[in-house]
Amino acid sequence: MEPWIVATSLIFVYLLVTIVLGAVANRRLTVDLEDFLLYGRKAGFIVLYLTVVASYHSVFAFLGSGGFFYTHGIGFWAAGTWTILVGAITYVLGSRIWALGKKFRYITPADMLADFYESEGVRVATAVVSVLFTILYIQTQAQGLGYILSVASDGRISIGLGTLILLTVAAGYLVAGGLRAVYWTDVVQGVWMYVAVWVGALVLAFTLFGGPLELWREVAVQRPDLLTLPGPRGFFTPGMWIGMGIALSFGIILQPHMMIRYYSAVDAKTIKWLGATTPIYLMTLYIPAALVGLGGALIIPDLAIPDQVFPELLFRFAPAWLTGMILAGATAAAMSTLDSILHSNMTVLTRDVYQRYVFPEASQAHYVWVGRFIVLGLLGIGYLLSVKTFAFLVTLVTLSGSGALQLMPAVLGVCFPGKRLYTKAGVLWGMGVGLTVLYLTLVVFPNPLGLHGAVWSVLANFAVTILVSRTTRAPSAETVTRIHGEIERFVYGSGG
Amino acid sequence: MGSPGDPGPAPRSHYLPRTREGWIGVVLFLLLFILAEPPIVYTLANRVEPWVLGVPFLYAYLMVIYFALIGVLIWVMRKGV
């Protein structure tokens, strides 16, 4: 049997599994917004662990990271710093977000921020930032999916058609089963992608070099420039190391799909264990990615698109069944992020826009159906965006992460009581200035002084938030006592 | 609404730990994290040799730091901080 038939068939087998899971989740669904949007706040450790890691690691963990090691060398091992920060932030911040969500029945990030800052402006700004920047993620994942299916089928399925097929499947099981379907499919996807990338990298390392250690030796002989910083093209400057660390940790944690995961946990202990242990999965996934990228740089040094290094190596040197299994793993990586973002955008638009401003008194069933129609709308937008361009995957993800990063002062102001309070005017001005600086330092004058635009934007955001908060009205004492008091009780077991 | 710059009713900061285990966890985490950041990672650690267990020094160095950081997180969890 021809390799492309095996590879494509395995991807479709995987898709069938996700469809079945979506159908089963649909049978468990109750007509309740919290059940549809938040898994009824009953997610346990294993389900939450796998959905968090699968959502965090997108198609760029499979394709983009190999491409980065291929082009820039060992500098991408900086990934360890941001994946560990994700764990630490989850431990400290995620558990507080969970506590407030459970106590005050928050569903979206905007629920929490609008409640504390007593501002509909903050609600709208948060919702806009949440949706605007994660739309870029939909585009990235959808493009990755189309690319994977196109590669697997040896070009017989176009990127556009592949994107449409996989987007439709993801939207289909989300519409059917809500967050429960997303979580269940993420469990399969989380396991599949981890096994796939490790098996693929080890098979290639043994086949091409005789083993991983021999691969490292060969890289040192042929391309020693790949083994030190800042890499052959000077990309990984200290400023980029720090900036990517902030953008890809705080920036992703503050995206709505991650914050919603915190709300959905069954208890605080689950969140804390999640924080302590998710870096094991997140960080170790980049160990095989390094083997793929660095090994690929020796074997096929002239690739026009570095992100193609993993599938190219597989098609040239791995058996067809393994290639299919691994490309299905790459599909899993993209779909698990895509479905989470579709879900979170649907949640934000249903809760923060439709329920709040369009039809506030409708039934639970009404909102569930509205959510489903919103997913179909997002499916269309995602498809249109994805067939327009094909930009470098990691850069897009970084831009997305930097956008959500602008919620950082506002979220910290809610979750970390301090001597001074941030105000609604402070956080709104901070977000506005932060986004402006982000545009300037990522698009107009990219990464001034070698420091990533994310760092410039978040520094400007904090400075403005603090300054404006000093001269504008703070939230009422009742609200601060209620919310910070709850944080105090949760963390230290007393009222303040 | 409160007055401008109102310090609010919860004056005890949550940015500083309040227990011995909390301080140990934060200090250990930060010290280890600094070892995985510039300038150290661009100077002392930025080398291929000596090889450590068959991999280049920088790669091995960072991996040790990363696992140590995970160890701190697990220790903090077990201590109930």
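The questions and answers below concern backbone geometry, helix packing and the chain contact in a predicted model.

Q: Is A:Tyr39, a residue with a positive phi, buried or exposed?
A: A:Tyr39 is not a glycine, yet its phi is positive at about 60°, and its place is in the loop between α2 (33-38) and α3 (45-56) of chain A. The cut-off for a buried residue is 20 or more other C-beta atoms within 10 Å. Because A:Tyr39 has 27 C-beta neighbours inside 10 Å, it counts as buried.

Q: Is A:Leu449 buried or exposed?
A: A:Leu449, which is found in the loop between α20 (424-444) and α21 (453-471) of chain A, has a positive phi near 55° although it is a residue other than glycine. Since A:Leu449 has 9 C-beta neighbours inside 10 Å, it counts as exposed.

Q: What is the handedness of the crossing of α8(A) and α16(A)?
A: The axes of α8 (residues 159-209) and α16 (residues 320-358), both of chain A, come within 5 Å and cross at roughly 140°, and the two helices are therefore oblique to each other. The residues of the contact of α8(A) with α16(A) divide into 20 nonpolar, nine polar and two charged. The crossing of α8(A) and α16(A) is left-handed.

Q: How are α8(A) and α17(A) oriented to each other?
A: The axes of α8(A) and α17 (residues 364-386) of chain A come within 10 Å and cross at roughly 165°, and α8(A) passes α17(A) in a right-handed crossing. Among the residues that make the contact are A:Leu164, A:Leu167 and A:Ala171 of α8(A) and A:Val375, A:Leu376 and A:Leu379 of α17(A); by class, the contact has nine nonpolar, four polar and one charged residues. Angles over 145 degrees count as roughly antiparallel, and α8(A) and α17(A) are therefore roughly antiparallel.

Q: How many of the 33 residues of α7(A) are buried?
A: At 1.5 Å a residue, helix α7 (residues 120-152) of chain A should span 48 Å, and its end C-alpha atoms are 47 Å apart, which agrees. The helix is followed by A:Asp154, whose phi is positive, near 60°. α7(A) is largely enclosed by the rest of the structure, because the number of its residues that are buried is 24.

Q: Which element gives the largest share of the side of chain B that touches chain A?
A: The contact takes 37 residues from chain B and 48 residues from chain A. By class, the side of chain B that touches chain A has 24 nonpolar, eight polar and five charged residues. The largest share of this side, nine residues, comes from α2(B).

Definitions and conventions: Residues numbered from 1 in each chain as written. Chains lettered and ligands numbered in written order. Predicted model: local features only at pLDDT ≥ 70, side-chain atom pairs only at ≥ 80, totals over all residues. Helix = DSSP H or I, 4+ residues; strand = E, 2+ residues; numbered from the N terminus. Buried ≥ 20, exposed ≤ 12 C-beta atoms within 10 Å, placed from the backbone. Axes fitted to C-alpha atoms, helices over the stretch in contact; angles between N-to-C directions. Parallel < 35°, antiparallel > 145°, perpendicular 65-115°, else oblique. Left-handed = near helix turned anticlockwise from the far one by under 90°. Nonpolar A, V, L, I, M, F, W, Y, C, P; charged D, E, K, R; others polar. Contact = placed C-beta atoms within 7 Å. Expected span 1.5 Å × (residues − 1).
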